[in-house]
Amino acid sequence: VDLVESGGGLVQAGGSLRLSCAASGSDVRAYTLGWFRQAPGKEREFVAEINRSASRTYYADSVKGRFTISRDIASNTVTLQMNSLKLEDTAVYYCNAGAAGLRSSSGRYWGQGTQVTVSS
């Protein structure tokens, strides 16, 4: 499974960014897809996930109400819409794919990461 992220960049606090992850490979439609992030000096943390049928989503408490994850099953793409961005959202964001839920244990496959920087 290959995961390719796009859409990171620099944005002012309160602004919005949209991240996309194109997934390809065998059985990718069977996987839960999601996003993690890693800020400098911190451990990688769960952000959001969406199941294979796009019927269930989960979010970290820190992003709930501000971020929305969605999935286009036909194109094997997962998107993270990030609104009301805060300085503490600054991190490298990674797309992740796994056979089970990601929030307790990350999946096997990772993208290369995309930088999101929120400025004051």
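Begin by selecting Asp61, which is exposed, with a relative accessible area of 64%. Since you are looking at a predicted model, treat each stop on this tour as a description of that prediction.

**Arg37 and its partners**

Now select Arg37, Glu45, Arg66 and Asp89 together, and you will have on view four residues that are linked in a network of salt bridges. Start with the pair Arg37 and Glu45, whose side chains meet with a distance of 2.7 Å from N to O. How buried or exposed is each of these two residues? Arg37 counts as buried, at 5% relative accessibility, whereas Glu45 is partly exposed, with a relative accessible area of 35%.

Then turn to Asp89, whose side chain also meets that of Arg37 in a salt bridge, here at 2.9 Å from N to O. Asp89 lies in the loop between strand 8 and strand 9, while Arg37 belongs to strand 4, so this pair ties together parts that are 52 residues apart in sequence. Asp89 counts as buried too, because its relative accessibility is 1% and buried means under 20%.

Next, show the strands as a cartoon and look for an open sheet of 4 strands, which you can follow in the order 1-3-8-7 with antiparallel pairing. At its edges are strand 1 (2-6) and strand 7, each of which pairs on one side only. Neighbouring strands of this sheet are turned by 15° against each other on average, with direction ignored. Within the sheet, select strand 3 and strand 8, which pair in the antiparallel sense over 6 bridges; as one place to look, find Ser20, whose bridge partner in strand 8 is Thr79.

**The nonpolar core**

Finally, select Trp35, Leu80, Met82 and Tyr93, which are the residues with the most contacts inside the largest nonpolar core, a set of 33 residues. Several strands each supply at least two residues of this core, among them strand 3 (17-24), strand 4 (32-38), strand 8 (77-82) and strand 9 (91-98).

Terms used. Residues are numbered from 1 along each chain as its sequence is written. This is a predicted model: local features need pLDDT of at least 70, side-chain atom pairs count only at pLDDT 80 or more; totals for chains, interfaces and linings use all residues. Side-chain values use heavy atoms; hydrogens and water are left out. A nonpolar core is a set of buried Ala, Val, Leu, Ile, Met, Phe, Trp, Tyr and Cys residues joined through side-chain atoms within 4.5 Å. Buried means under 20% relative accessible area, exposed over 50%, partly exposed in between (1.4 Å probe, protein chains only). Two strands pair if DSSP finds at least two bridges between them. Axes are lines fitted to C-alpha atoms, for helices over the stretch in contact, and angles run from 0 to 180 degrees between N-to-C directions.
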